[in-house]
Amino acid sequence: MPRSAVPDAITDLVDAALADLPQHRRDAFALRLERWWPDLHDAVAAVYPSPDDVAARLVTTAAAGFAARPDDLHALDDRRLLNPDWFRRPDMVGYACYADRYGGTLAGVGERLEHLSGLGVTYLHLMPLLDPRPGDNDGGYAVRNYRAVREDLGTIDDLRDLATALRSRGISLVIDLVLNHVAREHEWAERARAGDPAYRDYFLIHPDRDTPDAYERTLPEVFPDFAPGNFTFDDGVNGWVWTTFNAWQWDLNWANPAVLVEFAEIVMELANLGVEVLRLDAIAFLWKRLGTNCQNQPEVHAITQALRATARLAAPAVLFKAEAIVGPRELLPYLGQGRHTGRVSDVAYHNSLMVQIWSMLASGSTRLAEHALGALPPTPSSGTWVTYVRCHDDIGWAIDDGDAAAVGLTGAGHRRFLSDWYAGEFPGSPAEGLVFQHNPDTGDRRVSGTTAALTGLGPSRRDPDGAFARLFLAHALIAVWGGIPVIWSGDEVASPGDSAWADDPEHAADNRWVHRPAVTAADRAACRQPGSDAQRAYDGVAHVMRTRAGLPMLHAEAPVDLVPGLDDGVLGVLRRHPSGTLLGLVNVTGEHRPVPHHVITHHVADPREVLSHHTIDPDDAGLSWMPPYAAWWITEFTDASSR
Ligand code: GLC
């Protein structure tokens, strides 16, 4: 055996911390330490001036977390280590919702799992549920206490019970870990306000405007409407506090290793409750550098690697999911590139795919999507995407200017078109979205709205049949891509949105609440009423996910390639896998569009369409015509597929 790289001082620390554990547990930790120590130490050395000390504190935290880990979660760790691809398999289906808007309480969610089972859900993201500040709290993204559950949802014990119940049904619980900021009411901020210098150093506080002004020259504004600027003066600390988001969300100083260690402890505690996936909220913003937009800085990836290595020591079943809603070029590093390959997050939101789906449906052209998605570097084999049609946030038009120019568009012009289209302001648009955060300085106009509202099934039902086809197409596209397709609560029942979103004074300024509707008992019952909107959407989405689960070539290990040279209204997605090839085709227009039969048979010799059960029947010219908004998954005819 080669000599371990783990320093003796660290081994001694671990031996002391784990002295009471049985030998097999101590052996397991020692093996993991040998495996992950280089990751952990390299990462802290890239960021902190005294890496040995920081690394020792992280290993101590991991050892304590490991010692406290319940037996059933140790067993889960073993299971996951034996099946490292568990989250990349085609039977993974995600669902995201607010616990209160879905089940009232955490216990209520546990009583309403049938609706999710019908969709094949294996991954449940419950929106922020840790104790937030009172009053407006950005949908829970202003956490006051990471060790308590939001009072009206239940208790920490309820959270543990729900995680256990979900696990027993094969559903992994996903929750948010808000890393960039805490609520102004969090204990750390309170202590800083009370004058404790150790806690003042948890935040980024400047005595006057000089430094903030210097940063502001290159900083964008996230919420220009209701939280302009990135700094807020606070009397308590007598200074300007960095507040990227709202004035009461205080950015943390990640250059202070104490912050890293605090979060390592929080990760251990959540992991030991049975949380299986941590969504690293607003991860792109963690590190600030003068003269930049203070996003996607290299230190972000080193910090993620340090936390990831710590988690792997104690709770290898836990996955990290990066919430980095950034441009296509910046996205890949969140799944690990270069020296961070395989060492940071396991999953990341495919924001580019999401934006391109909406862009294709509005423009009826696949050219920009083909160019932009085709230009992305290969996805690292250790990770995969969360693919989604929309989420709880607004849709920002992350169209790269270079991509737009490459297909004869201008970035600004196309972004304007998309906002106009989805706000229903463009002639012929069936959408009924709302403009979110119009920034006259940049021309930026993001859009809020449920999938139904954006596709033509909003309050005035501008194009119901087209809307169902587009909703189905969009879900077929996220499902044919590699990764975990996540259904956003309300979309599966074709909710037009929450018409009363502005009635709550705390939400009135933030129209993202329009697309965060409750899914009620009546909605769930409507899914079983033949011909209802809810039934059409639910059965359609469930069908996509069920079909996907039976297709091994949709495992994330199969690369995603785009088929060049098709009609400009048709996107072709090729998944080549040892078990066979699948060709996914979508027609993003409202007209019939042709696909040359020889293109289909070039990839799939004996083609059979398994999603829509369309008979592939070329005309005399050798063309197969796709109906408006059709989604086809074509694979080899086999005896199994004929059943
Ligand atoms: C993430 C969340 C968003 C929130 C922000 C600040 O982007 O998705 O809802 O406003 O972080 O926490």
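## Overall dimensions

The protein chain has a radius of gyration of 25 Å, which agrees with the value near 26 Å that a compact globule of 643 residues would have; the radius is taken over C-alpha atoms, and the globule rule is 2.2 Å times the number of residues to the power 0.38. Along the principal axes, the C-alpha atoms of the protein chain fill a box of roughly 75 × 60 × 50 Å.

This is a predicted model, in which local features need pLDDT of at least 70 and side-chain atom pairs count only at pLDDT 80 or more, while totals for chains, interfaces and linings use all residues. Residues are numbered from 1 along each chain as its sequence is written, and side-chain values use heavy atoms, with hydrogens and water left out.

The protein chain has 24 helices and 24 strands, both being DSSP runs numbered from the N terminus (helices are H or I with at least four residues, strands are E with at least two). Strands of a sheet pair through backbone hydrogen bonds, either parallel or antiparallel. Here two strands are said to pair if DSSP finds at least two bridges between them.

An open sheet is formed by 5 strands in the order 18-19-20-24-22, with antiparallel pairing. Its edges are strand 18 (560-562) and strand 22 (607-609), each of which pairs on one side only, and neighbouring strands of this sheet are turned by 25° against each other on average, direction ignored. Strand 22 is joined to strand 24 (residues 631-636) by 3 bridges in the antiparallel sense, and E609 stands opposite I634 in strand 24.

Helix 16 (residues 367-374) lies across strand 18 and strand 19 (570-577), and runs at about 140° to strand 18. Contact here means heavy atoms within 4.5 Å; axes are lines fitted to C-alpha atoms, for helices over the stretch in contact, and angles run from 0 to 180 degrees between N-to-C directions.

Strand 8 pairs with strand 9 (residues 239-242) over 4 bridges, and the bridge partner of D234 in strand 9 is G239.

The structure holds 4 cavities of 30 Å³ or more. A cavity is a set of points, on a 1 Å grid over the protein atoms alone, where a 1.4 Å probe fits but cannot get out, and lining residues have an atom within 4 Å of a point. Grid points are joined across faces, edges and corners, and a volume is the space filled by probe spheres set on the points.

The largest cavity has a volume of about 100 Å³, and of the 16 residues that line it, H125, Y349, C391, H392 and W488 are the closest to its centre. Strand 2 (123-126), strand 14 (384-388) and strand 17 (484-488) each supply at least two residues of this lining. The second largest cavity holds about 40 Å³ of space and is lined by P128, L129, L130, G140, V143, D176 and V178.

Key: On a 1 Å grid over the protein atoms alone, a cavity is a set of points where a 1.4 Å probe fits but cannot get out, and a pocket is an open set with protein on both sides within 12 Å along at least five of seven lines; lining residues have an atom within 4 Å of a point.
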